[in-house]
Amino acid sequence: MGVAAEAVKMARELGATVAGFVPAKSLKNSPSARSAGPPGFRAGTGSIMVLGLYHDPEHPEMDWWEEGASTPGDRMLQQIAEALRKWLKEVHRIDARVLPYQVHDGGIYLKDAAVMAGLGFIGRNNLVIVPGSGASIRFRALWVDLEVPKPRAGRRPAFCEECPAPCQTKCPMHAFVDGRYHRAECLKRIDVNKKTATGERRPLDHCRVCELVCPSGRDG
Ligand code: SF4
Ligand code: SF4
């Protein structure tokens, strides 16, 4: 078994739902990089290891965001990523670096990376849909000093094209008014959530409508 396959196996043992690799240099021309500008982290060598963690809708608290502390689910992903970084160094003498979540903090476009690593596809809800987890999955990534071949990227299946798209019609902010995702409208909902939480001393529970109504991918 090669190091990349071994690392994927180790990631799953550590608790990740899915994991995969993509050459770091290929992210330079990812769809988001082309439309929104270069990612915060760029490397011409090595690879990006993407980790996905299923966020069970039965446990919404995994997604509750706290100022300065991210979410419980994201903290689990960070712990898995850090354990992998140490394992790569100690067992294989390979350098790795856990990347920040936000692009503007030096991160990457995680959804692009997940699709390019072959973990899933972008649904009409603008989320990555992963077989077995649907859209209820969150991602983190590490840069790894390991060259890997480019995997086959996930492609949207006919199922999604033929679906009546409740992800779009049920959006409370009409963020898909013309069938395309409009980030500004979705972000307004986040602002509403923040204002609602002000003074209540509770973590933020963001809108997940376009994720939770999606039937795709949940049964593997
Ligand atoms: S709800 Fe339907 S159209 Fe929307 S992402 Fe899911 S499968 Fe695709
Ligand atoms: S998260 Fe909510 S507001 Fe944003 S696009 Fe999805 S359904 Fe609309």
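## Strand pairing

Two strands pair if DSSP finds at least two bridges between them. In this predicted model, strand S1 (residues 18–23) and strand S2 are joined by six bridges and run in the antiparallel sense. One of the contacts at the level of residues is Phe21, whose bridge partner in S2 is Met49.

S2 also pairs with strand S6 (residues 137–144), again antiparallel, over eight bridges. Here Ser47 is set opposite Val144 of S6. Strand S2 covers residues 47–54, and seven of its eight residues are buried, so the strand is largely enclosed by the rest of the structure.

## Surroundings of ligand 2

The shell around ligand 2 consists of Cys171, Pro172, Met173, Ala175, Phe176, Tyr181, Cys186, Arg189, Cys207, Val209 and Cys210. By class, ten of these residues are nonpolar, one is charged and none is polar.

Two helices, H7 (183–197) and H8 (209–212), each contribute at least two residues to this shell.

## Aromatic pair

The structure holds one aromatic pair. Its members are Phe176 and Tyr181, with ring centres 5.7 Å apart and planes at 50 degrees, a tilted arrangement. Both residues also belong to the shell around ligand 2.

The two partners fall into separate accessibility classes. Phe176 has a relative accessible area of 7% and is therefore buried, since the limit for that class is under 20%. Tyr181, at 27% relative accessibility, is partly exposed.

Note on methods: Residues are numbered from 1 along each chain as its sequence is written. Chains are lettered from A and ligands numbered from 1 in the order in which they are written. This is a predicted model: local features need pLDDT of at least 70, side-chain atom pairs count only at pLDDT 80 or more; totals for chains, interfaces and linings use all residues. Side-chain values use heavy atoms; hydrogens and water are left out. Rings of Phe, Tyr and Trp (its six-membered ring) pair if their centres lie within 6.5 Å; planes under 30 degrees apart count as stacked, over 60 as edge-to-face and the rest as tilted. Buried means under 20% relative accessible area, exposed over 50%, partly exposed in between (1.4 Å probe, protein chains only). A residue is near a molecule or strand if one of its heavy atoms lies within 4 Å of it. Helices (H or I, at least four residues) and strands (E, at least two) are DSSP runs, numbered from the N terminus. Ala, Val, Leu, Ile, Met, Phe, Trp, Tyr, Cys and Pro count as nonpolar, Asp, Glu, Lys and Arg as charged, and the others, Gly among them, as polar.
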